[in-house]
Amino acid sequence: MSRSYDDIRAKLRLINEICVHYPAFNSILRDMERCLSESADMAEPLCMMVTGDTGVGKSTLISALYKTRPPSTTSDRVEVPILVAEVPLPATIGGLIAALLAGLGAPFPEKGTIEYKRRRLIELLARCQTLLVILDEFQHLVERGTRQRIETVADALKTLINHSRIPFVLVGMPAARSVLEYSPQLSGRFPIRREIIPFNWLDRPLDFERLLECFEKSLPFEKSSGFTDESIPARFFLATGGNFRAFVTLVRDASRSALLQDCACIEREQLACSYDKLLAKNRRLRANPFRETDKAIEHWVTNLKEPR
Ligand SMILES: Nc1ncnc2c1ncn2[C@@H]1O[C@H](COP(=O)(O)OP(=O)(O)OP(=O)(O)O)[C@@H](O)[C@H]1O
Ligand SMILES: [Mg+2]
């Protein structure tokens, strides 16, 4: 592999690792932190639910918190201050407990009855000095479930919280909320509920422009790529709908092209090509926002604002 491709690869890795701590992101992070640090002083653990559509940045938020207190190994034990598990598919209570056991390094996590696994988990959580449990993809346990099934999930969760006395943060798509809607007992244990919404440049242009600015500043290019110049925020918004995954997909690919072509910054044409290649099929817009004239973009935005 040539030296120059190694340089490009290092820069691409850097781009993949960019994490923008925008205000709403920090505010949800602070709430999670609050559950972790204040629960020990409360009669019942302070639990929280975070919902949002696909690609808005839920799992990124979890890893940002996780990195603040990574697991550590001492001579006689492993400490896991924050335990993160994904609800597996097919979603069952037994499978979920096994995923939590696996996260704590338990051998043969699938072994035994649900009751055996539950007792083993409570014991291990104490031994690993776990302070917070985060369950990602929580909608798997409740979506398309009958009322009875959702109530069973709620009961199992309540038992885990009561016995472990550890706060839980449930994270998932909006369908995850039904677990709290169907169970008043569980609902009371989850007073903090936050939703991550896509950036809406039409309603809050400054939020989106600040995000563009922060992201651009973190890119490893010599020159500015002008993400906040004149019509560019509108073009980014039209191309991505304000969805984080769509935004990073576009910028990562355009950055790769810019690096391979040895450019000093990302060119508009590179964004246009990446849009065509990776987003056009899903977005199904009437045109490529990075190829329209300023006048056409202005018109497009006016039309979007009109029916509102
Ligand atoms: N604050 C952020 N800074 C930088 N990149 C981010 C940020 N939030 C999300 N991303 C990027 O957006 C993409 C989607 O984020 P993520 O996987 O966290 O979404 P999600 O809400 O968990 O989606 P899903 O419901 O499909 O699991 C990822 O590639 C991630 O790196
Ligand atoms: Mg996710």
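Modeller: Taken over C-alpha atoms, the centres of domain 1 and domain 2 are 36 Å apart. Domain 1 covers residues 23–195 and domain 2 covers 199–305, with bounds that come from an automatic or database domain assignment. Bear in mind that this is a predicted model: local features need pLDDT of at least 70, side-chain atom pairs count only at pLDDT 80 or more, and totals for chains, interfaces and linings use all residues. Residues are numbered from 1 along each chain as its sequence is written, while chains are lettered from A and ligands numbered from 1 in the order in which they are written.

For scale, the C-alpha trace spans about 65 × 55 × 35 Å along its principal axes. The chain has 14 helices and seven strands, taken as DSSP runs numbered from the N terminus (helices are H or I with at least four residues, strands are E with at least two). Of the 308 residues, 35% are buried, meaning that 20 or more other C-beta atoms lie within 10 Å of a residue's own; 12 or fewer makes it exposed, anything in between partly exposed, and C-beta atoms are placed from the backbone.

The part I'd pick is the sheet. Five strands make an open sheet in the order β4-β5-β6-β1-β7, and their pairing is parallel. β4 (82–86) and β7 (192–195) are the edge strands, each pairing on one side only. On average, neighbouring strands here are turned by 15° against each other, direction ignored. For such angles, axes are lines fitted to C-alpha atoms, for helices over the stretch in contact, and the angles run from 0 to 180 degrees between N-to-C directions. Two strands count as paired if DSSP finds at least two bridges between them; in general, strands of a sheet pair through backbone hydrogen bonds, either parallel or antiparallel.

Now zoom in on β1, residues 48–51. It pairs with β7 in the parallel sense over four bridges, and M49 stands opposite R193 of that strand. Four bridges also join β1 to β6 (residues 168–172), again running parallel, with V171 as the bridge partner of V50. As a rule, side chains in a regular strand alternate between the two faces of the sheet. In β1, M48 and V50 point one way, M49 and T51 the other, and all are buried.

What lies across β4 and β5? That is helix α4 (residues 93–103), running at about 135° to β4; β5 itself is residues 132–136. G94 belongs to α4 and is partly exposed, because 15 other C-beta atoms lie within 10 Å. Leaving out residues up to four places away in sequence, G94 touches I114 and K117, where contact means C-beta atoms, placed from the backbone, within 7 Å. G94 also sits 9.4 Å from G112, C-alpha to C-alpha, although 18 residues separate them in sequence.

Conventions: Two residues are in contact if their C-beta atoms, placed from the backbone, lie within 7 Å.
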